[in-house]
Amino acid sequence: MGIGQREDILHAYQRVRGRSLEIAAPLSSEDCCAQSMPDASPIKWHLAHTTWFFETFILEAHEAGFVPFHPAFRVLFNSYYNGIGAKHPRAQRGLLTRPSLDEVRAYRLDVDRRVAHLLASGAAPGIAALVELGLQHEQQHQELMLTDLKHLLAQNPLYPAYTVQPMEEGEPAAPLGWIDFDGGLAEIGYGGNGFCFDNELPRHRTYLDPFRLASRLVTNGEYRTFIEAGGYRDPSLWLAEGWDRVCAGEITQPLYWIEEDDGWHEFTLHGVQPLDPARPVTHVSMYEADAYARWCGARLPTEAEWEFAARQALLGGGALHPEAANGDGLLQMFGACWQWTASSYAPYPGYAPAAGAIGEYNGKFMVNQYVLRGSSCATPDGHARASYRNFFPAGARWQFTGIRLAR
Ligand SMILES: [Fe+2]
């Protein structure tokens, strides 16, 4: 379901915008300013950039007598839209000690008031679809706020927790089964009447040979066995780029695993926890997912296989760490970890990005990345769907990425 389908667009706007501030609420202004790596942005930057999106693509284009909140913000908070103009360098977002967090909050309030006025006035009847895109964009950033913050907190030897809430009690994982799919001629891509991103279109036919998918994600316990069996020391398991990173010491275990005298632990948004063997392994690269699959005589699914299977899966999520698989059938397709596929991120046949700068949203990233399917524990409710295509370079590990096997 898209954001606006069952809900007035103004209510959706207030709800989604409010959620970003809730995510930031437990954080200090120091927490919100720092940047741990070029791929991860400061919380303050996310709060400002999501506001910039509405200011630039809606107010600037549709508000009568538009005056920017601050003329410098057009460059400071432009992420990657070359059609808009100059951008502050991505790797230097953490150096922006000014504007202050309070000023960014004031920026949000000002833009929110003006977008609400524009929506209520009916002066720009075509803007609902753009507002919806802005809200979907903000939800993508809400997930990044949590994963970027996790990466930042993990650089601190104190391993501070984001939340004081204890992690849910661990449960045993459902046994791993295999689910058979006949395949055949399949329709892939978004086919509904609600919102989707342009990269999910056009819906098109593709042929699938019969395949099997694992009923759940690979667990920490299973992945630990792979490590103990020498998985990171056997070059025959690895794609060349992945093996180079293993040899360089960049990839030795999942990103947030910590080996102590008393066994493995894992840094989470709840702080450091003993590694729970039943929860899905997460924060692995595509190289690690592929090597693990090869080690157990399986492979990663293609994105078409994944989507074909996911039409019967349930949505889920809403936690700060993925939970163990529980139940029967095809489990953890949504709401636990994004699942690496064997598919390169490429345009569907007949794909056409939107005209203008907004067309830069997805299309120009269709190079050197792999598709991930599903959603994670950090994905906002209502954001994911079976046709959703997430994408990252094969080495990216700071998202909640996990492994589903196929045969
Ligand atoms: Fe963005």
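How many salt bridges does a search of the whole structure find? I ran the search and it returned 22 salt bridges; I note at the outset that I am working with a predicted model, and I follow some of these pairs below.

**Entry: overall form**

I began with the chain as a whole, whose secondary structure comes to 10 helices and 11 strands. I then looked up the radius of gyration, which is 21 Å and close to the 22 Å that the globule rule gives for 407 residues, so the protein chain is as compact as a globular protein of that length. Along the principal axes, the C-alpha atoms fill a box of roughly 65 × 55 × 40 Å. Of the 407 residues, 56% are buried, and the chain exposes about 17300 Å², of which carbon and sulfur atoms supply 52%. When I took the contacts between residues at least 6 apart in sequence, I found that 79% of them join residues at least 24 apart.

**Entry: domains**

I looked up the domain assignment next, and it gives domain 1 as 3–154 and domain 2 as 178–402. The C-alpha centres of domain 1 and domain 2 lie 27 Å apart, and across the two I found 28 residues of domain 1 in contact with 29 residues of domain 2.

**Entry: the iron ion**

Which residues are the protein donors of the iron ion? I listed His49, His137 and His141, each through NE2, at 2.1 to 2.2 Å from the ion. In sequence I wrote their spacing as H-x87-H-x3-H. Why are His137 and His141 separated by about one helical turn? The reason I recorded is that they are 4 residues apart in helix H6, which covers residues 128–154. I also checked the burial of His137 and His141, and both are buried.

**Entry: salt bridges within and between elements**

Side chains of opposite charge can pair when their charged atoms come close. I started with Arg114 and Asp110, which form a salt bridge with their closest N and O atoms 2.9 Å apart. Both residues lie in helix H5 (residues 101–121), 4 residues apart, about one turn of the helix. Are Arg114 and Asp110 buried or exposed? Taking buried to mean under 20% relative accessible area, I count Arg114 as buried because its relative accessibility is 10%, and Asp110 as buried because its value is 16%.

I then turned to Glu200 and Arg385, whose closest N and O atoms are 2.8 Å apart in a salt bridge. Glu200 lies in the loop between strand S2 (184–188) and strand S3 (204–208), while Arg385 lies in the loop between strand S9 (370–373) and strand S10 (390–392), so this pair ties together parts that are 185 residues apart in sequence. Glu200 counts as buried because its relative accessibility is 0%, and Arg385 counts as buried at 11%.

The next pair I looked up was Glu307 with Arg373, a salt bridge with the closest N and O atoms 2.9 Å apart. Because Glu307 lies in helix H10 (residues 303–310) and Arg373 in strand S9, the pair ties together parts that are 66 residues apart in sequence. I found Glu307 buried, and Arg373 buried as well.

**Entry: backbone details**

Another joins Leu201 and Pro202, with omega about -10°, and I placed Pro202 in the loop between S2 and S3.

Tyr159 lies in the loop between H6 and strand S1 (178–181), and at 31% relative accessibility Tyr159 counts as partly exposed. His283 has a positive phi near 65° and lies in the loop between strand S7 (271–274) and helix H9 (286–295). At 0% relative accessibility, His283 counts as buried.

Key
Residues numbered from 1 in each chain as written. Predicted model: local features only at pLDDT ≥ 70, side-chain atom pairs only at ≥ 80, totals over all residues. Heavy atoms only, no water. Donors = N, O, S within 2.8 Å, 3.2 Å for Na, K, Ca; no water. Helix = DSSP H or I, 4+ residues; strand = E, 2+ residues; numbered from the N terminus. Buried < 20%, exposed > 50% of the residue type's maximum accessible area, 1.4 Å probe, protein only. Salt bridge = Lys/Arg side-chain N within 4 Å of Asp/Glu carboxyl O. Rg over C-alpha atoms; globule rule 2.2 N^0.38 Å. Contact = heavy atoms within 4.5 Å. Areas by Shrake-Rupley, 256 points an atom, 1.4 Å probe, with all protein chains shown as cover. Domains from an automatic or database assignment.
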